[in-house]
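Here is a short report on how the parts of this structure meet. Look at the model first, then read on.

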Amino acid sequence: MIVQAICFYIFSAIAVASGVMVIAARNPVHSVLFLILAFFNAAGLFVLMGAEFLAMILVIVYVGAVAVLFLFVVMMLDIDFAQLRSGAVRYLPIGATVGIILAVELVLMFAAWVFAPEVGQALAAPMPGAHVTNTAALGDLLYTKYVYAFQAAGIILLIAMIGAIVLTLRHKPDVRRQKIGVQVSRRRTETIALVKVKAREGIGEEEGVR
Amino acid sequence: MSDFWSGYFWPTVITILEILLVVIVIAVAMAYLTYFERKVLALMQRRKGPNVIGPFGLWQPWADALKLATKETIIPSGANATIFLMAPMLLFMLSLVAWAVIPFGEGLVLADINVGILYLFAISSLGVYGIIMAGWASNSKYAFLGGLRSAAQMVSYEVSIGFVLVTVLLCVGSLNLSQIVLAQQHVWFFIPLFPMFIVFFISGLAETNRAPFDLPEGESELVAGFFVEYSSMSFALFYLGEYVNMILMSAMTSILFLGGWLPPFGITPAHAPYGTIWFILKISFVLFAFLWVRATFPRFRYDQLMRLGWKVFLPASLFWLVLTAGVLVWAGWLPARV
C-alpha cells in the first residue's frame, strides 16, 4: 500500500508540475513536451487505479497521435510568443471567467460526492468481478448499454474528419502526380519512336520528340 | 519487517536482475545484428564483409562500439542542448522498455500484463518523439526535414499496424501476448491472415525506418537525416535504438503471426529451452528478411511511401478487418470469453 501511495504522489506531483509548465514555458515546443509528460503521468495514475486499458489508450491516442500533431504544428508555426503574451492582460477577464467556471464545477462535483455518496453509485455500473479484465468490462458496457452514445460519438468524429478534409482539400491543376496505372499500362509504341537519321540533316522538327 | 523483505525487497531485487539479464542479452544481440547485417549485405553483393578483427571478423561490433565511445560529443551551436541530448536517450530507452512484455517462452516473461499488445503499440508509437525531438533540437534544416518526414511516416504506418493488430486480436480474444501465442497452437496466424502478415511486415519496415523506407535518413538527399548533427555516444544510441527496434519488430511479427515460441508441427516440445530456441530462430528469420529487403529494393520516393501507406495499406487492412470479423461471426469461430 505504501508503495502505491508513494507512486501516486510522485505521478500526481509531476502531472501538476508539468501542467503548470505547459503554460509557463517560454518555448512553445517545450510546452508541448511538458503536455506529453502530463499525459504520461495521467496514464501512470490510471495504472495505479487498475485501469490499464484506459492508461494504454491514453498513451496511444493522446501521446502517440494527438500530441505528435501538436508538436508538428507548433514546430512549423513561427509564433512570436512574446508578442502574444503582451495581450494577456486584455484577455485576462475571459480566461479568468472560464477558469472560475471550471473550478466551481469541480467543487460542485466533489461536494455532491461528499454530501450524497449514493449519487455516484447510482450513476456507476456495478463493478464486474475480479475475473473480468477491464478491457472486457468496458466493452460489455460500451457495446450494450451505451451503444447509441458510442455510435453517435463515432459519427461526430467522422463528420469532423470530413469537414477537415473538405476545408483543406484543393485540387491544384499544375501539380504533377504519379499515375501508376497509366505508367504501367503504357505501350512501347506510345512512347518510343524509331527515326532513321540521315547524315548531315539530323532529326527534323516534326519527327523529333513529341 | 519480514513482510517488507519477503514482500517487497527480494522480489524487487530478482526483477531487477531479470531486467538486467534481458537488457544484456538484447544488447549483445543488437551488436551481432550489425555484424550479421554487414555480412549478409556483403554476401548478397559478392563481397567479404568484416573479416579482419577476430575470427571471421567476429569482434567487429566491439571495435565499432569502442571507436564510437572514444569520440568527442559535439553539441552544435544554437542547438537546444537538453532536448538534443534527451532525444537519443528517449529513443534507446523506449526500444528497451518494450521488451518487458515479450514472452520468450511459456511463462518466460517479465510482465505478463493483460494489455500487452496495447503496451507494445503505445511504446512503438512513442518512438517518433525521439526522432522529431532530435530533428528539432539540432537546429539544422536537414535534421529538421528528416524529423518531419519520419514523424509523418511513422504516424501513417501506425494506422495500418493498428488494424492488423485488431485483426489478430479478433482471432485470439485477448490482449495478452502469451494468450496470442497459445491461440496459434493449431495453425499459425500467417496462414489464415497472410495478407495481413505482409501488410504488417512492410509496415514494420516503415515503422523502424528501414530500407526501402529509410527516407528520414536518406543520405543521398538529407545527408543523414535527423541524426546528422549527432556524434559519439549520442549517435551510437540512435544506432542502437534502431537495431533494437528491428529486433523488437521481428519479435512482434513472430509472436503475432509465426507462433512465438511454438515449434512447427510440434516436432519438439514447446517448453523451455526448446520454445525459446524456436522463438530466437523465428526472430532471426524475420531479421534476415529485413536485411534481404534492404539488399534488394531501392528506396521509395516520399510520395510513393505516403501513397502506399494511406491509399493501399489502410483500405486493405480495413477491408481484411471487416472480412475477418464477418467470417468469424458467420462460421461461429469467435473465441470464447477469456
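## Two domains in chain B

The centres of domain 1 and domain 2 of chain B lie 19 Å apart, taken over C-alpha atoms. Domain 1 covers 1-70 and domain 2 covers 76-331. The model is predicted.

Between these domains, 16 residues of domain 1 of chain B contact 21 residues of domain 2. They bury about 1800 Å², and carbon and sulfur atoms give 87% of that area. B:L33, B:E37 and B:L68 supply 32% of what domain 1 of chain B buries there, more than any other three residues.

## What holds the domain contact

The interface of the two chain B domains has 2 salt bridges. B:R294 and B:E37 meet in a salt bridge through their side chains, at 2.6 Å from N to O.

On the domain 1 side, α1 (2-44) and α2 (60-69) of chain B each give two or more residues. α1(B) gives the most, with 14 residues. By class, this side has 13 nonpolar, 1 polar and 2 charged residues.

## Chain A against chain B

Here 29 residues of chain A touch 28 residues of chain B. The chains bury about 2400 Å² between them, 73% of it on carbon and sulfur atoms. In chain A, A:M56, A:I60 and A:M75 lose the most area, together 22% of what that side buries.

How many salt bridges are there between chain A and chain B? The count is 0. Polar contacts number 4 residue pairs, both at pLDDT 80 or more. α3(A) gives the most to the chain A side, with 14 residues. That side has 21 nonpolar, 6 polar and 2 charged residues.

Methods. Residues are numbered from 1 along each chain as its sequence is written. Chains are lettered from A and ligands numbered from 1 in the order in which they are written. This is a predicted model: local features need pLDDT of at least 70, side-chain atom pairs count only at pLDDT 80 or more; totals for chains, interfaces and linings use all residues. Side-chain values use heavy atoms; hydrogens and water are left out. Contact means heavy atoms within 4.5 Å. Buried area is the accessible area (1.4 Å probe) that two parts lose on being put together, summed over both. A salt bridge is a side-chain nitrogen of Lys or Arg within 4 Å of a carboxyl oxygen of Asp or Glu. A polar contact is a pair of N or O atoms within 3.5 Å; within protein, one must be able to donate a hydrogen and the other to accept it, and residues adjacent in sequence count only if both atoms are side-chain atoms. Helices (H or I, at least four residues) and strands (E, at least two) are DSSP runs, numbered from the N terminus. Ala, Val, Leu, Ile, Met, Phe, Trp, Tyr, Cys and Pro count as nonpolar, Asp, Glu, Lys and Arg as charged, and the others, Gly among them, as polar. Domain bounds come from an automatic or database domain assignment.
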